[in-house]
Amino acid sequence: MNHEAVKRSAPRSAVRRRKPKTFWRKIREPLAQSRFVKNALATLFAYFVRLVRLTNRLVDGSAKFSGGAYAQLEPGIIALWHGQHLLTPAYYPKGRPLVAMVSRSADAELNALMVEKFGIEAVRGSGGRESAKHLDKGGAKALIALKKSLATGKNVAMIADIPHGTPRDAGLGVVLLARLSGRPILPAAIATSRRKVIEGSWDKTTINLPFGRSSIVVGTPVFVPANADAAEMERKRQEVTASLNAATAEAYRLVDGSK
């Protein structure tokens with residue numbers, strides 16, 4: 001049987017299945033580059049995050065920002081873990097300016113568009129390492145922008161751990177910003193009782209779900225002296241790691257232990 005005969009003998013259902021796959025391959029790349037599509041997805045994501053916030057009551061023991069307990073620490077550097085930060089825009093108090101560092105990677109562009117829908121300014125950069133490679137990625141410019149924001153009284157937010165590095169182990173970027181700005185690092189965690197953990201992701205990304213309980217925990221603030229040497233910077237990096245891990249554990253304890 002020749003090749004043309006084989007084609008003619010192939011089941012029509014198989015041909016129909018191939019056509020959608022071929023069509024998807026053709027449109028996938030243009031869609032990924034479409035500003036309209038990205039903006040639409042960011043809008044949907046923002047609506048979902050708001051739904052999660054509205055349907056998850058805060059449990060007793062959560063941090064309260066309405067009083068003056070944190071006023072003396074502002075402006076501050078809010079430190080978060082990768083994969084645990086997605087709800088931050090919806091829980092951040094309205095009316096308080098916030099500038100967030102968002103990775104320069106293409107995958108993070110949706111995140112940048114989403115936070116802007118909450119009135120949060122996005123600064124693109126990578127804040128993990130204090131190295132030449134890190135600076136080439138635009139990290140230096142991003143840190144300068146965040147330092148200027150702090151100087152004008154705005155809070156800033158950073159992911160503390162290094163992308164695709166060791167999860168839940170702080171890099172030096174957040175410590176460097178604290179040394180340069182003189183402002184404290186505020187390790188923060190948000191958790192929900194209903195959630196889906198993507199086990200295959202490097203950082204165990206958590207998708208928070210509606211209709212449950214939620215908690216916010218701010219850990220022990222970390223102050224970095226302006227004259228901190230390399231050894232002191234490493235000690236402060238470890239302090240950030242310990243404080244942020246403790247805040248994360250407490251946030252999960254509150255939602256999983258409260259009824």
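Modeller: Start with Glu239, which forms a salt bridge with Lys236. The closest N and O atoms of the pair are 3.4 Å apart. The cut-off is 4 Å between a side-chain nitrogen of Lys or Arg and a carboxyl oxygen of Asp or Glu, so the pair counts. Keep in mind that this is a predicted model.

Where do Glu239 and Lys236 sit along helix α9? They are three residues apart, so about one helical turn separates them. Next, is each partner buried or exposed? Buried means under 20% relative accessible area, and exposed means over 50%. Lys236 has 11%, so it is buried. Glu239 has 36% relative accessibility, so it counts as partly exposed.

Now take Arg235, which forms a salt bridge with Glu232. Here the closest N and O atoms are 2.5 Å apart. Arg235 and Glu232 both belong to helix α9, which covers residues 230–257. Their spacing is three residues, about one turn of the helix. Glu232 is buried, because its relative accessible area is 18%. Arg235 is partly exposed, because its relative accessibility is 46%.

Arg237 and Glu234 come next. Their side chains meet in a salt bridge, at 2.9 Å from N to O. These two are three residues apart in helix α9, which means about one helical turn between them. Arg237 is buried, since its relative accessibility is 13%. Glu234 has 29% relative accessible area, so it is partly exposed.

Why do such pairs form? Side chains of opposite charge can pair when their charged atoms come close.

Across the model, the count comes to nine salt bridges by the cut-off used here.

Further along the helix is Thr248, which also lies in α9. Is Thr248 buried or exposed? It is buried, because its relative accessibility is 5%. Which residues does it touch, leaving aside neighbours within four places in sequence? They are Trp81, Arg168 and Ala189.

Arg168 is partly exposed, since its relative accessibility is 29%.

Phe211 is not a glycine, yet its phi is positive, near 65 degrees. Its place is the loop between β8 (206–208) and β9 (212–218). Phe211 counts as exposed, because its relative accessibility is 59%.

Helix α8 covers residues 173–181, and its axis comes within 10 Å of the axis of helix α7 (residues 139–151). The two axes cross at roughly 45 degrees. The helices are therefore oblique to each other. The crossing of α7 and α8 is right-handed. From α7, the contact uses Leu143, Leu146, Lys147 and Leu150. From α8, the contact uses Gly173, Leu176, Leu177, Leu180 and Ser181. By class, that contact has six nonpolar, two polar and one charged residues.

Another helix pair is α3 (residues 35–55) and α5 (residues 109–116). Their axes come within 8 Å and cross at roughly 60 degrees. At that angle, α3 is oblique to α5. This crossing is right-handed. The α3 side of the contact has Arg35, Lys38, Asn39, Leu41, Ala42, Phe45, Ala46 and Val49. The α5 side has Glu109, Leu110, Leu113 and Met114. Sorted by class, the residues of this contact are eight nonpolar, one polar and three charged.

One more backbone detail remains. Glu74 and Pro75 are joined by a cis peptide bond, with omega about -5 degrees. Pro75 is in the loop between β1 (56–58) and β2 (77–80).

Glu239 pairs with Lys236. Arg235 pairs with Glu232. Arg237 pairs with Glu234. Thr248 of α9 contacts Arg168, among others.

Key: Residues are numbered from 1 along each chain as its sequence is written. This is a predicted model: local features need pLDDT of at least 70, side-chain atom pairs count only at pLDDT 80 or more; totals for chains, interfaces and linings use all residues. Side-chain values use heavy atoms; hydrogens and water are left out. Axes are lines fitted to C-alpha atoms, for helices over the stretch in contact, and angles run from 0 to 180 degrees between N-to-C directions. Helices (H or I, at least four residues) and strands (E, at least two) are DSSP runs, numbered from the N terminus. Angles under 35 degrees count as roughly parallel, over 145 as roughly antiparallel, 65 to 115 as roughly perpendicular and the rest as oblique. A crossing is left-handed if the near helix is turned anticlockwise from the far one by less than a right angle, and right-handed if clockwise. Contact means heavy atoms within 4.5 Å. Ala, Val, Leu, Ile, Met, Phe, Trp, Tyr, Cys and Pro count as nonpolar, Asp, Glu, Lys and Arg as charged, and the others, Gly among them, as polar. Buried means under 20% relative accessible area, exposed over 50%, partly exposed in between (1.4 Å probe, protein chains only).
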